[in-house]
Amino acid sequence: MRQPNSLSTSKLKTHMKNIYHYVISHAVHLFIFPAVLSSAVPYFQPHQITKTLTQLCNNPSSMAAAAAALIFFVSYCLTRFLNRPKKIYLVDFACYNHDPSFSVSRATVYQKLSGVLSPESLAFTAKVMERSGVCDSTFLYLGKEGGFPPESAFSCGREEAETVVCGAVGDVLAKTGVDPTDIGVVIVNISTFNPVPSLSAMIVNKYKMREDVLTFNLGGIGCSAGVIAVDLARRLLQGQGDTYALIMSVESPTASYYVGDDKSKLLSNLLFRMGGAAILLSNRPSDRRKSKYELTHTLRTHLGANDRAYKSVLQQVDGTGILGMSISKDLISVAGDALRSNITALAPSVLPISEQLIFAANLIARKVLKVKGLRPHAPDFRRAFEHFCIHAGGKAVLDEVEKNLKLTEWDMEPSRMTLYRYSNTSSSSFWYELAYAEAKGRIKKGDRVWQIAFGSGFKCGSGVWRAVRTINPGQDDYNPWTRVIHQFPVDV
């Protein structure tokens with residue numbers, strides 16, 4: 001008898017695994033509900049109902065107990081209904097659509113840097129950029145004069161921030177048709193550039209918002225600030241009447257260029273680029289139909305108590321007094337630790353029961369039964385999410401996440417293509433990734449999206465969304481990927 005080949009065996013294992021997950025995940029509908037219903041059927045026969053009502057009428061104490069139980073049940077249900085948390089919807093979002101004039105080639109970057117860096121630092125720069133996973137041309141703001149470094153880093157930084165903020169906010173308001181005076185919360189997150197007045201105040205002034213609008217500026221949080229801003233908006237919207245929250249995730253790398261010779265600080269010059277995204281959230285039930293996504297979970301993990309994690313990304317002066325952002329060699333390891341802590345906390349809320357049972361059985365076998373040689377079970381998060389938007393912090397960061405979560409090339413495509421085209425746009429990167437998935441026509445009604453971000457401190461944040469409707473890629477002219485999506489993916 002011919003033995004099945006390895007491919008057939010692999011397919012059989014896959015089919016059996018899918019059958020297991022389906023049966024366990026739908027056990028309530030397949031077994032438990034039918035069993036309960038069949039056992040309850042005899043009690044709902046007409047003669048049985050009549051008999052029960054007669055007994056209650058003849059026994060006042062039983063009647064009183066039944067009435068009390070009914071009142072308690074109705075009161076409990078009514079209380080739960082009235083105190084239920086408000087659903088938060090993502091009406092729409094807009095990534096900053098770069099002007100082609102901001103496109104700068106790698107050769108131009110080298111030319112600009114050659115005037116301020118030593119030959120050794122310039123060689124290091126070239127080596128890193130060649131291995132960065134970024135294309136030859138990225139978007140960089142060089143100011144009105146085009147000099148590098150700019151004569152006034154502050155003025156150039158303000159110009160860059162205002163260009164990106166006004167571009168993205170203007171687009172999201174145009175897409176949604178929302179009147180700025182209907183917005184009750186404004187949150188801006190930007191790490192290293194914080195002018196006075198704040199950028200949130202600039203938005204209020206630019207769009208003439210009302211006097212009681214709640215404004216927040218989140219600084220120094222790094223690339224995880226986008227998820228943190230969403231979490232803050234969710235908490236604020238839970239305590240507000242029907243209103244909107246506008247989030248602006250932006251970074252201004254122009255304001256913090258480093259022109260010294262410390263290699264750990266030169267990395268920020270090479271990784272961070274111009275970009276931003278404006279997100280409009282709503283707690284209005286009437287907005288569900290026109291919204292794209294519903295927020296289901298947010299989770300933050302903070303490893304700041306650990307000195308190694310705290311110092312992995314640190315703004316400080318070098319030996320010559322030049323300010324820069326140090327990125328330590330421990331960053332990838334710290335990011336891996338933060339990710340594992342985050343997914344351990346998130347897993348019970350998002351994984352199907354079938355995957356949780358496997359995890360529990362593996363844990364008992366290893367910790368209780370002391371089975372030797374058994375590896376810890378890595379949950380299959382592809383059973384919890386259809387799409388992954390992982391902060392494009394760099395090629396090494398994406399490689400680490402792909403390995404830890406056992407994701408496929410298709411899963412990683414939005415993140416890798418965002419890194420390739422835009423480099424690291426900090427807290428807005430995973431919005432460019434979601435825009436990529438939309439432009440590819442991947443988002444279907446009911447799909448679940450997992451946004452993962454890492455930032456200084458050190459922090460890891462997760463945001464989970466469920467698509468309210470299928471996204472038609474041909475209907476969004478504001479999407480920065482729309483006109484070029486046919487060119488992607490590319491080999492990196």
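Trainee: Which residue lies over the face of tryptophan 481, and at what distance from the ring centre?

Mentor: Arginine 421 does, at 5.1 Å from the ring centre. Keep in mind that this is a predicted model.

Trainee: What makes 5.1 Å count for arginine 421?

Mentor: The cut-off for CZ of Arg is 6 Å from the ring centre, along with a limit of 35 degrees from the ring normal. Arginine 421 is at 5.1 Å and lies over the face of the ring, so the distance meets the rule.

Trainee: Where does the charged end of lysine 175 sit?

Mentor: Over the ring of phenylalanine 93, at 5.7 Å from its centre. For lysine the atom is NZ, and the limit is again 6 Å, so 5.7 Å passes.

Trainee: Tryptophan 481 came up with arginine 421. Which cluster do ring pairs link it into?

Mentor: The cluster holds Phe139, Tyr420, Tyr422, Tyr432, Tyr436, Trp481 and Phe488.

Trainee: How many aromatic pairs are there by the rule?

Mentor: The count is 17. A pair of rings is described by the distance of the centres and the angle of the planes.

Trainee: Why is the pair of phenylalanine 381 and tryptophan 450 called tilted?

Mentor: Check the distance, then the angle. The centres are 5.0 Å apart, and the limit is 6.5 Å, so the rings pair. The planes meet at 35°. Stacked needs under 30 degrees and edge-to-face over 60, so this pair is tilted.

Trainee: What does the pair tie together?

Mentor: Phenylalanine 381 is in the loop between helix 13 and strand 11, while tryptophan 450 is in strand 12, so the pair ties together parts 69 residues apart in sequence. Both residues are buried.

Trainee: How many disulfides does the rule give?

Mentor: The count is 0. A disulfide is a covalent bond between the sulfur atoms of two cysteines.

Trainee: What is noted about phi of serine 423?

Mentor: Phi is positive, about 60°, although serine 423 is not a glycine. Serine 426 also has a positive phi, near 65°.

Trainee: Where do these serines lie?

Mentor: Serine 423 is in the loop between helix 15 and helix 16. Serine 426 lies in the loop between those helices as well.

Trainee: How do you know whether serine 423 and serine 426 are buried or exposed?

Mentor: Serine 423 has 2% relative accessibility and serine 426 has 1%, so both fall under the 20% limit and count as buried.

Trainee: Which peptide bond to proline 197 is cis, and where does proline 197 lie?

Mentor: The bond from valine 196, with omega near -5°. Proline 197 is in the loop between strand 4 and helix 8. The bond from phenylalanine 488 to proline 489 is cis too, with omega near 5°.

Trainee: What lines the second largest pocket?

Mentor: There are 17 lining residues, and Ile343, Phe359, His377, Ala378 and Pro379 lie nearest the centre. Helix 12 gives the most, with 6 residues. The pocket's volume is about 470 Å³.

Trainee: How does the lining divide by residue type?

Mentor: Into 10 nonpolar, 4 polar and 3 charged residues.

Technical notes. Residues are numbered from 1 along each chain as its sequence is written. This is a predicted model: local features need pLDDT of at least 70, side-chain atom pairs count only at pLDDT 80 or more; totals for chains, interfaces and linings use all residues. Side-chain values use heavy atoms; hydrogens and water are left out. On a 1 Å grid over the protein atoms alone, a cavity is a set of points where a 1.4 Å probe fits but cannot get out, and a pocket is an open set with protein on both sides within 12 Å along at least five of seven lines; lining residues have an atom within 4 Å of a point. Grid points are joined across faces, edges and corners, and a volume is the space filled by probe spheres set on the points. Helices (H or I, at least four residues) and strands (E, at least two) are DSSP runs, numbered from the N terminus. Ala, Val, Leu, Ile, Met, Phe, Trp, Tyr, Cys and Pro count as nonpolar, Asp, Glu, Lys and Arg as charged, and the others, Gly among them, as polar. Rings of Phe, Tyr and Trp (its six-membered ring) pair if their centres lie within 6.5 Å; planes under 30 degrees apart count as stacked, over 60 as edge-to-face and the rest as tilted. Buried means under 20% relative accessible area, exposed over 50%, partly exposed in between (1.4 Å probe, protein chains only). A disulfide is a pair of cysteine sulfur atoms within 2.5 Å.
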